[in-house]
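Q: I would like to go through this model with you. Could we begin once it is displayed?

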Amino acid sequence: MKYHPDKVTENGKTGATEKFKVISQIHALLNNADKRKLYDDAGCLSDDIDPNSATEDFPWETYWSSIFGKITDNEIRDYEFKYKGSDDEKRDLKKGYLAGKRDMEFIINMVPFSSVYKEDCLREVLGKIIEEDLPRFKVFSNEPPSKKRKILAKVS
């Protein structure tokens, strides 16, 4: 309370305010395990990080956890449930189809929660999207079965 801006004289407010900001930042750091770990590991606060100058061994997982908190398996499953069949998934499939030059392996790698094991479902959804507003490419619709086998072999 010694440096609380409301508890000092008018003459000391400016200095007290600056000190109080620093104390508050330290308090927030010490009371948050992820921010504390980031400080211990990287020697900086999440506000101080410039992603363009971070070294190769920078603790990115700790950094993101300090900003967004821990993400649980249940949260990921809930997000997957909401994402599957959503407009977001359709938008991502559309982007993958166009950006990947209709290459199914590229699409699967680009779209969250996709896998070669669900390729038939993805092709069905993409087929509907193509009918609505995308150009039809022979490369996509006539992809040889051998390509799917190669992708499956990579995953196995």
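Q: Where is the place of E89?
A: E89 is in helix 5; helices (H or I, at least four residues) are DSSP runs numbered from the N terminus. This is a predicted model, in which local features need pLDDT of at least 70, side-chain atom pairs count only at pLDDT 80 or more, and totals for chains, interfaces and linings use all residues. Residues are numbered from 1 along each chain as its sequence is written, and side-chain values use heavy atoms, with hydrogens and water left out.

Q: Is E89 buried or exposed?
A: E89 is buried, at a relative accessible area of 6%. Buried means under 20% relative accessible area, exposed over 50%, and partly exposed in between (1.4 Å probe, protein chains only).

Q: Which backbone nitrogen does the side chain of E89 reach?
A: That of G85, at 2.6 Å.

Q: And what is E89 in contact with, leaving aside neighbours within four places in sequence?
A: E89 is in contact with Y83, K84, V111 and L122, where contact means heavy atoms within 4.5 Å.

Q: How do the axes of helix 5 and helix 7 cross?
A: The axes of helix 5 (residues 87-99) and helix 7 (residues 119-133) come within 10 Å and cross at roughly 80 degrees. Helix 5 is therefore roughly perpendicular to helix 7, a label for angles of 65 to 115 degrees. Axes are lines fitted to C-alpha atoms, for helices over the stretch in contact, and angles run from 0 to 180 degrees between N-to-C directions.

Q: Which residues meet there?
A: From helix 5, E89, K90, L93, K94 and Y97 meet L122, V125, L126, I129, I130 and D133 of helix 7. The residues of this contact divide into seven nonpolar, no polar and four charged. Ala, Val, Leu, Ile, Met, Phe, Trp, Tyr, Cys and Pro count as nonpolar, Asp, Glu, Lys and Arg as charged, and the others, Gly among them, as polar.

Q: Changing topic, how many salt bridges does the structure hold?
A: Five; a salt bridge is a side-chain nitrogen of Lys or Arg within 4 Å of a carboxyl oxygen of Asp or Glu.

Q: Which residues are linked in a network of salt bridges?
A: D88, R91 and D92. R91 meets D88 at 3.0 Å, N to O, and D92 forms a salt bridge with R91, with the closest N and O atoms 3.1 Å apart. R91 and D88 both lie in helix 5, three residues apart, about one turn of the helix.

Q: Is D92 buried or exposed?
A: D92 counts as buried, at 13% relative accessibility, whereas R91 is partly exposed at 40% and D88 is partly exposed at 37%.

Note on methods:
Helices (H or I, at least four residues) and strands (E, at least two) are DSSP runs, numbered from the N terminus. Angles under 35 degrees count as roughly parallel, over 145 as roughly antiparallel, 65 to 115 as roughly perpendicular and the rest as oblique. A polar contact is a pair of N or O atoms within 3.5 Å; within protein, one must be able to donate a hydrogen and the other to accept it, and residues adjacent in sequence count only if both atoms are side-chain atoms.
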